[in-house]
Amino acid sequence: MGKKPWAALRGVWRRASEQDAALDVTDDSERAGLLSNRSMELLGRYEQTGEPLALEEAIGLGRAALHAAPETYPYRAYVLSNLSLALEARFTRTGNLETLDELTGLIRAAVRSTPEHAPHRAAVMYNLGNSLWRRFGRTGALADLDEAIDAYRSALLAADDDPKRMQRVANLGVALKCRFETTGDRGDLDEAVDLLRTAVDADPVGAAGRHISLMQLGRALGEQGTVEALDESIPLLRAAVATAPSDPFEQAVCLANLGAALRERFELRWQLSDLDEAIRVGRAAARVIPDGHADSSALLSLLGAALMLRFEHTGQVKALDEAVKAVRAAVRVAPAGHPLLGNALSSLGQALKHRYTHTGRAQDRAEALSAWERAADAAAAPASSRIKAARAAGNLAGPTDPRRAADVLERAVLLLPEVAPRRLGRGDQQQALIATSQLAADAMAYVLADSRTDTRQRGTRALGLAEAGRAVLLSQTLDARSDLSELRDRHPDLATDFTELRELLDQDVTTGVPNGVGSADRRGRERHVLAVEFEALLERIRACEGFTAFGRPPALDDLLPEAADGPVVTFNVSRHRSDALLLTRHGVVTCSLPRLTQSETLGRIDAFNRALHEASAPGGDRISAQRALRHVLEWLWDAAVEPVISELTAMGELRIPADGQPLPRLWWTLAGPLGALPLHAAGHHTVYDRAGGLRPTAMDRVISSYTPTIRTLHHTRQHRGQQPPDSMQSLIISMPDTPGLDAPLPHVREETRRVRARLPRPVQLTGPGPDTVACPDTPTTALVLSHLPRCALVHFACHGVSNATDPSRSKLLLYDHATRPLTVSALAQLNLDRGQLAYLSACSTAAPGDRQLTDEAIHLTSACQLAGFTHVIGTLWPINDRLAVDVAESFYTYLAAPDGSLVPDAAAEALHRTVRDMRDRYPGLPSLWAAYLHVGA
């Protein structure tokens with residue numbers, strides 16, 4: 001051991017002498033070349049021996065070479081590249097961020113000094129991609145990963161015949177896999193799998209580096225999350241382990257990835273042999289990785305996760321103690337500000353929570369809570385990981401310290417826009433938000449449980465969380481729907497750019513690579529590029545005088561005036577407690593709802609849906625079904641609606657009207673689980689007060705309207721159409737027969753005839769009969785969309801389909817529904833200036849879809865409101881075709897002024913009177929009339 005330092009010193013002296021010889025050369029270019037070459041020799045020695053002194057001197061000589069190389073030196077790019085290789089080796093060994101920043105700056109300089117068509121440009125772009133990818137791994141900055149992927153694509157486009165092309169293909173695939181793991185973009189994962197398959201197929205058996213392609217393809221397949229994909233993945237990962245070189249780091253990474261896949265398959269298949277092997281290879285990976293290596297934190301966290309699973313499924317306390325030890329080490333070696341630190345802290349919190357549950361040690365609980373809170377605040381970690389840590393912290397703190405739980409969950413709620421950013425397609429956004437279901441509800445519950453805070457302050461804070469944590473996707477679109485009139489007047493170029501980018505993002509483009517590996521022939525610019533451009537443009541606009549708030553959500557104080565026309569009620573149903581937040585003219589008031597438990601609510605929703613199905617099913621027990629529906633509406637009144645109305649009445653915000661006097665208005669927010677039930681129809685409808693008093697129902701006390709959020713109501717009122725009645729044009733879409741669907745609507749023609757007689761300046765588009773061909777007035781999606789911008793009123797009489805699993809694909813069935821459906825996404829892309837009233841006489845146009853997405857209020861009715869219609873009439877479930885004729889005729893009759901003109905702003909009252917008439921006619925059959933609701937101002 002004593003000889004090594006002396007030998008190293010002799011080596012340093014010898015290399016210093018050679019450096020002095022290089023310095024004796026007077027020509028700068030020649031000296032730069034000599035120094036750079038010597039730097040590479042030392043780098044090679046470091047790679048063979050692992051001698052840190054050799055690496056540090058290689059870097060010193062490389063810097064000297066760069067300093068000596070004049071700007072005109074034809075090989076300056078090579079000098080830059082050689083120094084970057086040495087810096088890359090140091091970063092791989094130490095994880096030092098300053099080294100990586102210097103490395104990235106050098107490669108950027110090399111890119112600038114390399115002509116566009118130079119033969120070595122592909123190599124330089126590839127190096128830039130590698131550097132940016134590493135920096136993303138160190139800081140979690142998504143912009144670095146985006147740029148790395150773009151650089152990899154450029155390297156492929158510039159190097160069709162390069163012998164290293166497949167290596168570059170593989171790296172592009174790995175970077176795309178990383179981006180999927182960060183953003184959830186399934187398009188990136190699909191492309192990554194295709195690219196990595198190509199790389200593996202092109203790699204001959206025994207080729208150097210083949211283990212990397214095998215390993216990365218195996219991990220990409222594992223990300224698909226199915227047993228079948230993991231069954232394909234694990235043999236590839238075993239082959240990667242078998243063919244990995246003797247380098248300890250390479251072996252450790254291959255082993256760790258195999259262990260991760262085995263653990264994931266265990267969680268799907270529950271075979272202990274998979275878990276046992278995962279732990280064995282995880283231990284082996286931890287043993288062979290060099291001490292202090294930057295990536296050892298990830299390997300230790302993976303081992304800890306497998307050991308925790310063993311404890312959970314076998315009760316082995318020894319495994320749990322080993323897990324705690326492993327994840328403590330993972331936290332210790334993770335560099336500050338590294339994304340791995342957040343992951344390690346989350347794992348530590350989980351392990352300590354397990355041990356606290358098992359032993360009751362208060363110290364473990366306190367440390368687990370602290371670890372999760374630190375993980376939730378780890379800025380470099382993905383937002384989804386931070387939210388998961390925050391939820392764990394909130395669950396642990398909540399029972400004894402609701403304020404602490406509320407604080408950490410509030411920070412998580414504010415991260416929701418980062419979980420579903422504009423760069424993702426709508427399907428991926430929805431999938432990302434499913435994982436955050438009930439986050440806002442829990443945060444609000446803990447805020448309201450904090451008895452140390454003033455009641456009114458609690459209500460205001462909880463309402464702010466409701467507005468921030470619900471209808472995230474709708475709010476994102478509202479941000480882009482700012483009034484452009486002033487911007488067009490003062491900055492027309494910015495307004496034009498804003499409109500163009502907004503429309504491109506609204507198209508919900510899904511990217512792919514249709515024409516081969518790395519193809520540039522994609523459907524438009526990639527969404528992530530558009531999103532970055534859009535955010536940069538927003539910052540430019542906000543830098544202009546008078547536009548600081550452009551595209552920003554309104555402050556809560558700006559929303560308080562929305563109660564001027566009537567209270568707005570937001571329900572919060574959580575497993576901890578349930579409340580109503582009442583926005584009134586005087587502020588926010590809370591109303592506790594102890595009978596509205598989460599389990600009872602979900603059970604009643606299921607019972608309601610079963611009864612609806614039974615009421616319309618052939619051979620169903622319709623009498624029992626209607627009775628069951630009434631029972632749910634009675635419970636809804638007793639548990640939720642009556643306490644709210646009583647509280648508002650006691651406050652003087654609602655009044656009991658005298659005979660003949662109009663009822664007061666009230667708005668219910670649609671977001672949340674109660675959006676599946678007709679709050680406006682809550683009550684005991686078959687109870688008659690012989691003294692002539694009001695029935696105990698909502699519709700006998702208030703005129704109900706709905707809005708997804710208060711913010712949506714604010715936007716609707718600000719942008720309501722202002723067309724005078726004599727200039728309004730109407731559009732009627734009539735589909736008595738639907739191609740490909742053996743379910744005619746025989747009463748649609750009669751409905752159309754009656755509606756047409758009442759609408760101003762109607763344009764009618766009617767589908768052909770089953771035995772006739774399409775004509776110019778056939779309602780195709782394109783034709784309907786072309787008419788909508790000119791029409792203030794639109795009436796759809798057609799089939800509606802609610803997609804429970806992907807509500808953005810819910811649609812109105814027009815003539816070409818099979819090839820170009822009129823979906824929620826398509827309607828939400830519209831930005832109509834004249835829209836005043838949309839009547840959707842179709843089934844389930846306000847059905848909330850997936851229970852885990854009810855906070856988002858994604859359905860056809862909200863899409864029409866977002867498109868610009870001030871008032872929308874929708875339905876919560878399938879409606880009766882025959883009764884729909886009478887409902888529509890009655891609605892437009894009540895909507896008419898004494899002179900016969902229609903008053904769209906009377907839509908809520910017109911629908912209320914219509915539905916109440918139907919209720920009076922069929923009080924025991926709520927399935928016939930309770931589905932209809934009004935959304936809007």
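**Figure 1. Arg-135 within helix α6.** In this predicted model, Arg-135 is found in helix α6, which covers residues 121-139. The relative accessibility of Arg-135 is 17%, so the residue counts as buried, the cut-off being under 20%. Leaving aside residues up to four places away in sequence, Arg-135 touches Leu-100, Asp-101, Thr-104, Arg-108, Gly-140 and Asp-144.

**Figure 2. Asp-777 in a loop between a strand and a helix.** Asp-777 belongs to the loop between β7 (762-766) and α33 (781-787). With a relative accessible area of 43%, Asp-777 is partly exposed.

**Figure 3. The open sheet of β9, β10 and β11.** Three strands make up this open sheet, in the order β9-β10-β11, and their pairing is antiparallel. The edges are held by β9 (800-801) and β11 (822-823); each has a single partner strand, so one side of each lacks a neighbour in the sheet. Strands of a sheet pair through backbone hydrogen bonds, in either a parallel or an antiparallel manner. Between β10 (residues 811-812) and β11 there are two bridges, in the antiparallel sense. Lys-811 is placed opposite Thr-823 of β11.

**Figure 4. Phe-796 and the nonpolar cores.** The largest nonpolar core contains 183 residues, and those with the most contacts inside it are Phe-571, Phe-796 and Phe-891. Helix α30 (residues 622-651) provides the largest share of this core, with 12 residues. Phe-796 touches Ile-733, Val-784, Leu-812, Leu-814, Leu-822, Tyr-839, Leu-840 and Ser-841, when residues up to four places away in sequence are not counted. A second, separate core has 81 residues, including Leu-103, Cys-178, Ala-199 and Ala-256. In soluble globular proteins, nonpolar side chains tend to be buried together.

**Figure 5. Confidence along the chain.** The mean pLDDT of the chain is 87, and 92% of the residues score at least 70. Confidence is lowest in helix α1 (residues 3-23), with a mean of 35, and highest in strand β13 (residues 871-875), at 98. Over residues 1-23 the pLDDT remains under 50, and the model gives this stretch 20 contacts beyond four places in sequence. The pLDDT is also below 50 over residues 509-525, a stretch with 32 contacts in the model beyond near neighbours in sequence. Where pLDDT is low, the predicted coordinates should not be read in detail.

**Figure 6. The whole chain as a setting for the close-up views.** The secondary structure of the chain consists of 38 helices and 14 strands. Its C-alpha trace spans about 110 × 65 × 55 Å along the principal axes. For 937 residues, a compact globule would have a radius of gyration near 30 Å, and the 32 Å of the chain agrees with this. Of the 937 residues, 56% are buried. The chain exposes about 38900 Å², of which carbon and sulfur atoms supply 52%. Among contacts between residues at least 6 apart in sequence, 70% join residues at least 24 apart.

Technical notes: Residues are numbered from 1 along each chain as its sequence is written. This is a predicted model: local features need pLDDT of at least 70, side-chain atom pairs count only at pLDDT 80 or more; totals for chains, interfaces and linings use all residues. Side-chain values use heavy atoms; hydrogens and water are left out. Two strands pair if DSSP finds at least two bridges between them. Helices (H or I, at least four residues) and strands (E, at least two) are DSSP runs, numbered from the N terminus. pLDDT is the predictor's confidence in each residue, from 0 to 100. Contact means heavy atoms within 4.5 Å. A nonpolar core is a set of buried Ala, Val, Leu, Ile, Met, Phe, Trp, Tyr and Cys residues joined through side-chain atoms within 4.5 Å. Buried means under 20% relative accessible area, exposed over 50%, partly exposed in between (1.4 Å probe, protein chains only). The radius of gyration is taken over C-alpha atoms; the globule rule is 2.2 Å times the number of residues to the power 0.38. Accessible areas come from the Shrake-Rupley method with a 1.4 Å probe; for residues, only the protein chains shown count as cover.
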